[in-house]
Amino acid sequence: MELFTKMKSGNQGRLFCFPYLGGYVNSFGDLIQSFHHNLEVWVANPPGHLGSNLNLVSDIDTLTNLYYEEIGSLISEKSCFLGHSMGGVVAFSLINKIAANGKSPLPEKLILSATSMPDTFAEKQYSSFSDDDLVEVLKSYGGLPAPLLANGELMDIMRPIFRADYKILESAAAKLQKIDVETLILWGENDRVETIENAYLWKNLLRRGLNVVTLKKASHLFIHDRAAEVADHVEKFMGL
C-alpha cells in the first residue's frame, strides 16, 4: 500500500482519514490517540507529500483515481470516511468515484470536518498567488508553526505541495455529485477561514439531509487541539 497506511488496528469499524491541505499520513495522530474504542484507522498519504515517494498530483480526478485503486478492497461494513478541510472534498469526490464505478461498496458514513465547498477556491485561485501572498493565506488557517515559516529550505519543499493541493481544490469545483451516504459535518465556531454558513452549502449534495455539529470556541484546525472532542463525535456517529 503506497497511498493508505493502517495507523491503528481494531475490529469495531474502519475509519479512513483524508488530511487537510499540505497534510500527510501523520496529520491525524492527535485524533487517533484520542479514540476510546477498538477502531481500525487508515490514513491517506497524498502523493508527493511528506513520506510519499510518488510525484505530486494537482487534479482531483487523478487523485481519486489513484486512491480508488487501493481503497476498493479495504472498504467493509461499518466503514466511514473522514476528511478535514481539503480532505473532506477529497473524501466526497472519492465517494462519487466509487458510486460511478459501481464495483466497490460505498462507505456507510462520511464526516466532513471544517470542509467548505470547493467552488470558492476556483474563484480565489490561490494556486496562482505569489509566494508571499500564498504564505499569508496559509497563515490564516493557524496551522503554520513559526519554525516552519522561518525554515527557508523546508518552505521551499512545502510551497509546491500547497500549490498542488490548491489546484486539486480548484479542479474539484462544479464536479461534485449528490451522494446517498449518511453525513456528519463538524465545524469550529471560531473558524476564521470558513464561516459556519459554508457548512450548510452542502445540503444540496446530501440525499440524507444535513447534520451539523458546531464545536464551541474551536478554530479551523480543531482536529489537533480539540482531538478528544472530535474523537467522541466520530465514535458516536459510527455507533460505537
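This text leads the reader through the predicted model of one protein chain, from its overall build to single residues.

The model is predicted, so local features need pLDDT of at least 70 and side-chain atom pairs count only at pLDDT 80 or more, while totals for chains, interfaces and linings use all residues. Residues are numbered from 1 along each chain as its sequence is written, and side-chain values use heavy atoms, with hydrogens and water left out.

Start with the whole chain. The protein chain has nine helices and seven strands. Both are DSSP runs, numbered from the N terminus: helices are H or I with at least four residues, strands are E with at least two. Along its principal axes, the C-alpha trace spans about 45 × 35 × 35 Å.

Next comes the surface. The protein chain exposes about 10,800 Å², and carbon and sulfur atoms supply 47% of that area. Accessible areas come from the Shrake-Rupley method with a 1.4 Å probe; for residues, only the protein chains shown count as cover. Of the 240 residues, 54% are buried. Buried means under 20% relative accessible area, exposed means over 50%, and partly exposed lies in between (1.4 Å probe, protein chains only).

Contact means heavy atoms within 4.5 Å. Among contacts with a separation of 6 or more, 78% are between residues 24 or more positions apart.

Now look at a pair of helices. Two packed helices are described by the angle between their axes and the distance between the axes. Helix α5 (residues 131-139) packs on helix α7 (residues 152-172) at about 75°, with the axes 11 Å apart. Axes are lines fitted to C-alpha atoms, for helices over the stretch in contact, and angles run from 0 to 180 degrees between N-to-C directions. α5 and α7 are therefore roughly perpendicular to each other. Angles under 35 degrees count as roughly parallel, over 145 as roughly antiparallel, 65 to 115 as roughly perpendicular and the rest as oblique. On the α5 side, Asp131, Leu134, Val135, Val137 and Leu138 make the contact.

Tyr166 deserves a stop. Tyr166 lies in helix α7 and counts as buried, at 0% relative accessibility. Leaving aside neighbours within four places in sequence, Tyr166 contacts Leu134, Val137 and Leu138, among others. Its contacts also include Leu21, Phe121, Tyr126, Ser127 and Tyr141. Phe121 is 45 residues from Tyr166 in sequence, and their C-alpha atoms are 7.4 Å apart.

Phe121 leads on to Glu194. Not counting residues up to four places away in sequence, Glu194 touches Ser116, Phe121 and Trp187. Glu194 lies in the loop between β6 (182-188) and β7 (212-215). At 7% relative accessibility, Glu194 counts as buried. Its C-alpha atom is 9.6 Å from that of Ser219, 25 residues away along the chain.

The loop between α7 and β6 comes next. Ala174 lies there, with a positive phi near 70° although not a glycine. Ala174 is exposed, at 71% relative accessibility. Asp180 is found in the loop between α7 and β6 too and is partly exposed, at 43%. Leaving aside neighbours within four places in sequence, Asp180 contacts Arg207 and Arg208. Between the C-alpha atoms of Asp180 and Asn96 there are 9.9 Å, although 84 residues separate them along the chain.

Asn96 lies in helix α3 and is buried, at 14% relative accessibility. Beyond neighbours within four places, Asn96 contacts Lys175, Leu176, Gln177, Lys178 and Ile179. Ser85 sits in the loop between β4 (79-84) and α3 (86-101). Ser85 is not a glycine, yet its phi is positive, about 55°. With a relative accessible area of 12%, Ser85 is buried.

Finish at Gly239, in the segment after α9 (227-237). Gly239 is exposed, with a relative accessible area of 62%. Gly239 and Gln12 are 227 residues apart in sequence, but 9.4 Å apart in space, C-alpha to C-alpha.
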